[in-house]
Amino acid sequence: MKKILIMATAALLMAGCGNSEKKADDPLADSGRTQRTENLLANLIALGDSSVYLFGHHDDTVYGIGWEADYQNDSTVHQRSDVKSVCNDYPALLSFDLGRIELGGERNLDGVPFERIRQEIIAHYDRGGMTTLSWHVDNPLSGGTSWVADSLKDIETRTVAAVLEGGEKHDVFLAWLDKVAQFLNSLETPYGVKVPVLFRPWHEHTGSWFWWGQQHCTPEQYKALWQLTADRLKEKGVTNALYAYSPGTEPDGDEKKYMERYPGDDIIDLLGVDCYCSAPDGDSLQIANYAARLDKNLDMVCRIAKQHGKAAAATETGYECLPSPDWWTKALAPVLERHPVSYVLVWRNAHNRPNHYFAPYPSQQSSSDFIRFYNQKQTLFLRDLNGLYSKRPM
C-alpha cells in the first residue's frame, strides 16, 4: 500500500477530519464551531508537524481537459477527474469558487451550478476528503467583476469603504454575505452533519488586481472587511467554516509586509501564500526562480503560522500548461518537503479555455512525473485518507 510507513502517523493526524460514519451528533465546541470543524483545524495544524501534506486541485471533479460534468445527472457526482485519470486517485483536497453566488444565480463565474458544488463537497466529505472555497466576488459599487478595470479605477478605490458600515453599499453587501452563509449552512449530509470547509475570501490582497487589493483600500479598511465577513457569517449561524489568509508573493519574505493587513488571530485559522510559476516554454532559470520565490515565502509563512498557532499551506500554486515534464518532482516537491505545510493546491483545468490547465491529464507531458509525485511518501491523495480513516487509533 502507498505510504505504508506513515500510515500510523497520518491516522493520528487525520482522524476526525471527515468520515462516512452515519452519525448526526456533532456538538458545538467552545469556539462556537462544530466539533468536526475544530477537529479539521487541529488536523491541519498537526499535518504541519508531520512529513506529509494534502494535494488539492481546483474544480477537479466538475470539468477538465475535453470534458464537463453532466450537471443534470446526480449519479455523476465525483465520478470524473483529470487527476484521477492520471494516477487513479482523486485529490485529497477539492477547491471550488463561490463567485456570483452573491447575485443569486444558479451558476458560479465558471459556469458550475452551486447545487452541483454542494453535492460534490458532501460527496468528497463522505469519502474522507476536504474542501476549500474561494470567492471571486463581483464589485458591488461598479457592477464589474472582482478584477480591476483601468476605466473604473476611481470606483475600485472606493469599493471597500462603500461596503463597510456607513458605506453606500453596506446593506447590499450584507445581503451578499447572507447568500454565502446560506450556502455554507446548506452543506449538510443526509445524516445531519454539517460539512467543515476552509473559506478563503479576500485573497491575493497584496497585489492590486482585485477591488480589495493593496492600492484600493487602507490596511484598516481591509481588516474591517474581514471582520465584517466573519461577524456576519457567525451571526447567520455558520458553524462549519475555517478561514484562510492568503496574500500573494509581494511581501517577498518580509514578515512585516505579510502581516500588515492581517485581520487577527481571532478570525484567521490558516496562513498561506499564492505563488505561480510563469516560466515561458519551460525555461529552467525561471523555474528555478519560481522555486526560490516559493521557498522564501513558505519559509516566512510557516514561521509566522507556528508563532501564531495556525496551520500553513501553499494556498494556490501551479504552472500553466506544464511545459516542463518534471516540474512536479524537480521544482514543486523539493520546496514543499522543506516546509511544514498542511496542503498544496494547484489551479483548475479549464474545459473551455485552451492552454489553461495546471494539473496533468492523460498524455500530457508531465503525467509520468506526476505519478512519481503521487507515489512520494509526502503526498496524500484521497485513497490515502480513506485507508487512514479505517485504521483509527482505538
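A residue counts as buried under 20% relative accessible area, as exposed over 50%, and as partly exposed in between (1.4 Å probe, protein chains only). At 26% relative accessibility, arginine 100 is therefore partly exposed. The model is a predicted one, in which local features need pLDDT of at least 70, side-chain atom pairs count only at pLDDT 80 or more, and totals for chains, interfaces and linings use all residues. Residues are numbered from 1 along each chain as its sequence is written, and side-chain values use heavy atoms, with hydrogens and water left out.

Arginine 100 lies in the loop between β4 (93-97) and α4, where its phi is near 90°, a positive value in a residue other than glycine. Helices (H or I, at least four residues) and strands (E, at least two) are DSSP runs, numbered from the N terminus. Leucine 322 sits in the loop between β9 (311-319) and α10 (327-336) and, at a relative accessible area of 0%, is buried.

Helix α4 spans residues 114-126. Of its 13 residues, 10 are buried, among them Phe114, Arg116, Glu120 and His124. Just after α4, glycine 128 takes a positive phi of about 100°.

Turning to helix packing, α5 (residues 153-163) meets α7 (residues 219-235) at an angle of about 45°, with the axes 9 Å apart; axes are lines fitted to C-alpha atoms, for helices over the stretch in contact, and angles run from 0 to 180 degrees between N-to-C directions. The contact (heavy atoms within 4.5 Å) involves Val160, Ala161 and Val163 of α5 and Gln221, Leu225 and Leu228 of α7.

How values were computed:
The expected span of a helix is 1.5 Å times one less than its number of residues.
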